[in-house]
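Thanks for coming. I will keep this short, and the model goes up on the screen now.

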Amino acid sequence: MSGRTVRWLTADQLGPHFDDGGPTLLIENAGLLARRPMHWAKAHLILSAIRHRAAEARADGEPLEFVRADSYREVLQERLDAGDRIEMVAGSSHGLRALASELDLDVLPSRGFVTSEADFDAWRAGRSLKGLKMDDFYRWWRSRSGVLMDGPSSPVGGQFSFDADNRQPPPKGASTLGLPDPWRPQEDDIDAGVRADLQRWSSEGRIRLLGRDGPRRFAVTRTEAQKALDDFIATRLGDFGPFEDAMLADDAVMAHSQLSVPLNLGVLDPNEVIDRVCREFEAGRAPLASVEGIIRQIAGWRDWVWHLYWQLGEDYIPRSNALGARSPLPAQWWQLDGSGVAAACLGDVLDKVGERGWAHHIERLMVLGNWALQRGFDPAELNDWFTNAFVDGTPWVMPANVVGMSQHADGGLVATKPYAAGGAYISKMSNYCGGCRFNPKVRVGAEACPFTAGYWAFLDRVEPRIRGNHRMAQTLGGLRQLADRDAVVAQERLRDPGTANLPSG
């Protein structure tokens, strides 16, 4: 019996803020890759991150034990049977926390977020679940932390959010924002080994991989994460605010940070991102609206969906289908192939996900999510798709984002109204419509934009379920006055949800 205490580091706890010194255990669980289809890029990032962390520990002489297995349970039970005491920072999924409880592991409070679960519980006291609002939480955190504050109730610039200022369309006539190519890591022998393993396991039928293999684009080590943060601050922070909602077909990254992967792997601490961008503002090198925007994404929305994951409960997804959406995802989505999709925006974003395992938040919400909402895709299947097709998809990230916000499947717990929009929004915020066979101003006929027509057909379908939502009263009033309502609804029933085409003839 050794009697040691060993810290188990999970695959999203790879940074120094999860390791307090002493013996550590890192498990590469190949069984996780076999549970469901996963994007090539995501599988590569997970294995690369784990193997790089193990290699760094060996080089530095750290007391880290690296084990490859097909399950966490078998490795942990072996260590417990040998007399070790295993501790861990609280896991990031219901499954991990259940395993820790079953094996009686010592569990430390969660890390890797700006606020703790105890902080959130203190803020939430006296509030009902439906009464929780992200903006209220964000303002509370700002006032409590002093970040971008001139006093307890005085935000710098006179307002807590500059969201209304951060909705500029892309520059007229531009094909890109004209920013330098984003930082990209250099692959090494570890990446080559990961790729060889994934190719072999895929050919043997042990795993099913989505999308296309390609160069690793995201940071997986502490050093890489710091380089990615430096690059974002130097090249993109200033433009992030105004153009965070804009889309351009030839600019996949725009001014976005692409820091979600290192944040979710735990190699980047969200507090250091906030500290760095605040220093840029204080030094006069970054505009307030951009700095506040990135802080709101991290300390606001990212922390918010983390806490909601625990508050909403383990049965949140299966119990949430308030709009009665039952349609399966089309083959094009699981194939991540936009080549046969007639709608330019939808086809391009699907291709971006197929190539990179990533698209920015407006492409996710207002193209992919909007299409899924209009077509009535099953929210549970859609949540699985987003979780596994995106490199930053995790069990805690997607439920509130997809089931709640994007699909309004929880009936209004996360978002007060459905995030549905017609082609006019996409036309305003992108350059997709100019090269598309559909016209965002047309809702009936061969040129009818599937987003414009789909918007009204969606409202027709869900009207009985959302009639009591006061925020939808004016919109539903417009639906009732639509002269060609029946024609639009009949037409959209015939549209292929995978290709966006209408039947010929």
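Predicted model: local features only at pLDDT ≥ 70, side-chain atom pairs only at ≥ 80, totals over all residues.

Residues are numbered from 1 along each chain as its sequence is written, and side-chain values use heavy atoms, with hydrogens and water left out.

Helices here are DSSP runs of H or I with at least four residues, numbered from the N terminus. Axes are lines fitted to C-alpha atoms over the stretch in contact, with angles from 0 to 180 degrees between N-to-C directions.

Start with helix 20, residues 450–466, and helix 22, residues 485–494: their axes come within 9 Å and cross at roughly 100°. The two helices are therefore roughly perpendicular, a label for angles of 65 to 115 degrees. Contact means heavy atoms within 4.5 Å. On the helix 20 side the contact is made by Pro450, Ala453, Gly454, Trp456, Ala457, Asp460 and Glu463, and on the helix 22 side by Arg485, Val488, Val489, Gln491 and Glu492. By class, these residues are six nonpolar, two polar and four charged. For the classes, Ala, Val, Leu, Ile, Met, Phe, Trp, Tyr, Cys and Pro count as nonpolar, Asp, Glu, Lys and Arg as charged, and the others, Gly among them, as polar.

Next, helix 6, residues 134–145, packs with helix 12, residues 288–312, at about 115°, the axes being 10 Å apart. From helix 6 come Met134, Phe137, Tyr138, Trp141 and Arg142; the residues they meet in helix 12 include Trp301, Asp303, Trp304 and His307. That contact divides into eight nonpolar, two polar and four charged residues.

On a 1 Å grid over the protein atoms alone, a cavity is a set of points where a 1.4 Å probe fits but cannot get out, and lining residues have an atom within 4 Å of a point. How many cavities of 30 Å³ or more does the structure hold? There are six. The largest cavity has about 130 Å³ of space. It is lined by 16 residues, with Asp12, Phe18, Ser92, Arg111 and Phe113 the closest to its centre. Helix 12 returns here: that helix and helix 10 (260–265) each supply at least two lining residues. The lining has seven nonpolar, six polar and three charged residues.

Last, a pocket, meaning an open set with protein on both sides within 12 Å along at least five of seven lines. The second largest pocket holds about 1,200 Å³. Among its 43 lining residues, Leu32, Arg36, Ser93, Thr394 and Pro395 are the closest to its centre.

Note on methods: Parallel < 35°, antiparallel > 145°, perpendicular 65-115°, else oblique. Points joined across faces, edges and corners; volume = space filled by probe spheres on them.
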